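Colleague: I would like to go through this model with you, starting from a strand pair and ending with a helix.

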Amino acid sequence: EVVKNLTEGELDNLRLEFEKGGEDDGLPIDEFATVLKKAAAGKSICESAITSDKLHDLFNEIDFNGDTKVSWEEFTMFIIDNAMKGRYEGDEKIRKYIPVKASKVPVGETQEAGGYAVAAEVKKLKYFSQWDEIFKVSTFGNQHRLKVIDPKTLKGIKSTPRLPHSILAIERTPEQDSLITSSSGMQVHFWDMTPLATHESLTHDHSTTEGILPLKRVVKVPESQMALRWCPKYGVLFSASRAGSLNYWSVERMEITRTQPKVHEEAILDLLIVDQEVITASLDSTIKIMNLERNVCTGVLKGHSQGVCTLAFSKQHQFLLSAGFEYEPLVWVLHIKDFHPWRLVDKQR
């Protein structure tokens, strides 16, 4: 709000305040608060929005590298990033969530069992922002299906036919416009996601109203692949196996080009790509970091007492979050050597 209400000359003066100690120097926390309060003086900004406590919180949010100073570049990049997210558009522009009437039995997702319609059990949901698509994995007894859902209407667009094995992982790639799934039947499926694949002329499964996704290829693998992750930088699809191995795939050829065996002693349950590194989480309770440029393990994170199930990475704060079979997830700062992780404790539990 402060920046939005400044004239070009006032914005230039604000920049000079940040750079008075040098272009890369920046302001410590108290000076940061003083400078922004001065810039806000006389502007139509609610005083409760620029209290010292709130400005200190803002400083800590911008200063993700922890050097106790915020430079002009850090400040402006933060403003741009959050403006793009619509975070500071004002309360009157925040979109409200609208309650949607839930159906007890989802349309097109029932099967007859003893004369009764039984609803599918939802096993997995995944959203791909690049395509604005939701992928839902459902189970009907011993049959399984993946459905593509439009998040605006919550209606199904396309779906796979019913499959005999559980779907373990899903990945969407721009290369070949593919959807890749792995299953407990030790198979990896490559599905066609091109616009032509939505035409009504496609073969339909009579148990659903959506168009059926065309299957491009099924690849038999030695072990079930527990996780899939596309790496756009190298144009490689990674898959992690129940045996602790890491596989490199060519999506164009739909085949494994290389295998790195025994990355972990037990199954790899999740993996992430962060810059030139692949990070893996395993049932052996460890997290490993592999450098893709040098093809070496550059770190082993030990802090979990049981298996690690899932990973998430915050680019803004450079934090890695990991969760496993314990009650409390851990937070890691990767660029600090020998960092002891923070434990997120739920005091209400």
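**Strands and a helix**

Modeller: This is a predicted model. In it, Leu 246 stands opposite Gln 260 in S15.

Colleague: How many bridges join strand S14 to S15?

Modeller: Strand S14 covers residues 246-250. S14 and S15 run antiparallel, and the number of bridges joining them is five.

Colleague: Which strands are the edge strands of the sheet?

Modeller: The sheet is open, with antiparallel pairing and the order S12-S13-S14-S15. An edge strand pairs on one side only. That leaves S12 (225-231) and S15 (255-260).

Colleague: By what angle are neighbouring strands of this sheet turned against each other on average?

Modeller: The direction of the strands is ignored here. The average is 25°.

Colleague: What distance separates the end C-alpha atoms of helix H2?

Modeller: H2 has 12 residues, 29-40. At 1.5 Å a residue it should span 16 Å, and the value in the model agrees. The end C-alpha atoms are apart by 17 Å.

Colleague: What arc around the axis do the buried residues of H2 cover?

Modeller: The buried residues are Phe 32, Ala 33, Val 35, Leu 36, Ala 39 and Ala 40. In an α-helix, residues three or four places apart point the same way, because there are 3.6 residues a turn.

Colleague: Which exposed residues does the face of H2 turned away from its buried side carry?

Modeller: Exposed means over 50% relative accessible area. On that face, the exposed residues are Asp 30, Thr 34 and Lys 38.

Technical notes:
Residues are numbered from 1 along each chain as its sequence is written. This is a predicted model: local features need pLDDT of at least 70, side-chain atom pairs count only at pLDDT 80 or more; totals for chains, interfaces and linings use all residues. Side-chain values use heavy atoms; hydrogens and water are left out. Two strands pair if DSSP finds at least two bridges between them. Helices (H or I, at least four residues) and strands (E, at least two) are DSSP runs, numbered from the N terminus. Axes are lines fitted to C-alpha atoms, for helices over the stretch in contact, and angles run from 0 to 180 degrees between N-to-C directions. The expected span of a helix is 1.5 Å times one less than its number of residues. Buried means under 20% relative accessible area, exposed over 50%, partly exposed in between (1.4 Å probe, protein chains only).
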